[in-house]
Amino acid sequence: MKIKESEIMLEFPDENYFRLCDCDGYKTIQNNLAEMDVCWYDQSNDILYIIELKNWENNSLLEEGNPNYAPEQIEKTKQRISDYRIGNLLKKSVDTTCMFMSILLGKESGNKIQQCSPFTISTATSIKLLSIVNWTDPDSVYISMINTAYKSKFKPYAALFGIKSYLVLPKDEASKRFAWIS
């Protein structure tokens with residue numbers, strides 16, 4: 001089965017995936033929690049991929065062509081958008097990681113989420129967080145900047161949970177690294 005969201009297609013080689021947004025265990029606690037879009041378990045390598053899909057397209061604003069907007073105003077708007085995006089990715093990453101830690105700890109809410117999952121992970125399972133962005137702009141400097149800021153903010157959480165891989169990638173680069181992304 002294929003998953004398409006934000007102009008990004010995921011086609012995993014097996015059925016070891018689920019979406020938290022479809023999980024009743026998540027829905028009962030979601031009020032202030034944010035979830036990442038898809039969780040896929042690569043059983044042969046004992047890796048849990050937690051994936052967020054975004055459609056940002058480019059770093060242009062409609063206001064840039066309007067002479068009524070000062071360049072400083074446009075830059076402030078772009079900075080607010082970037083800060084929001086980084087904060088959103090961070091919150092989703094922290095919240096989803098906590099949900100999986102609740103599963104590993106065997107807590108009631110974690111057990112309800114586990115019921116939605118076609119796989120079981122252990123404390124030995126590696127976790128990789130991927131935020132994949134549909135980015136149509138040929139200049140990837142913006143995504144690189146977002147990745148650097150996100151990694152800086154998520155770093156202490158990664159250390160707490162032993163997560164060694166957490167990235168923000170444009171779709172074209174992600175599809176080169178992973179055969180199941182297009």
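This is a predicted model: local features need pLDDT of at least 70, side-chain atom pairs count only at pLDDT 80 or more; totals for chains, interfaces and linings use all residues.
Residues are numbered from 1 along each chain as its sequence is written, and side-chain values use heavy atoms, with hydrogens and water left out.

**Sheet.** Helices (H or I, at least four residues) and strands (E, at least two) are DSSP runs numbered from the N terminus, and two strands pair if DSSP finds at least two bridges between them. An open sheet with mixed pairing is formed by 5 strands in the order 3-4-5-6-7. Its edge strands, each pairing on one side only, are strand 3 (17-18) and strand 7 (165-170). Strand 4 (residues 38-42) pairs with strand 5 (residues 47-57) in the antiparallel sense over 5 bridges, and W40 stands opposite Y49 in strand 5.

**Largest pocket.** On a 1 Å grid over the protein atoms alone, a pocket is an open set of points where a 1.4 Å probe fits, with protein on both sides within 12 Å along at least five of seven lines, and lining residues have an atom within 4 Å of a point. The largest pocket holds about 200 Å³ of space. It is lined by 14 residues, of which T125, S126, I127, F161 and G162 are the closest to its centre. Helix 2 and strand 6 (126-135) each supply at least two residues of this lining, and strand 6 gives the most, with 3 residues. The lining divides as follows, where the nonpolar class is Ala, Val, Leu, Ile, Met, Phe, Trp, Tyr, Cys and Pro, the charged class is Asp, Glu, Lys and Arg, and the others, Gly among them, are polar.

| Class of lining residue | Number |
|---|---|
| Nonpolar | 6 residues |
| Polar | 6 residues |

**Two residues.** S93 lies in helix 2 (residues 71-104) and counts as buried because its relative accessibility is 0%, where buried means under 20% relative accessible area and exposed over 50%, with partly exposed in between (1.4 Å probe, protein chains only). A polar atom of the S93 side chain lies 2.8 Å from the backbone oxygen of L89. Not counting residues up to four places away in sequence, S93 touches M36, L129, Y150 and F154, contact meaning heavy atoms within 4.5 Å. G65, in the loop between strand 5 and helix 2, is exposed, with a relative accessible area of 69%. The C-alpha atoms of G65 and N111 are separated by 52 Å, the two residues being 46 residues apart along the chain.

Key. A polar contact is a pair of N or O atoms within 3.5 Å; within protein, one must be able to donate a hydrogen and the other to accept it, and residues adjacent in sequence count only if both atoms are side-chain atoms. Grid points are joined across faces, edges and corners, and a volume is the space filled by probe spheres set on the points.
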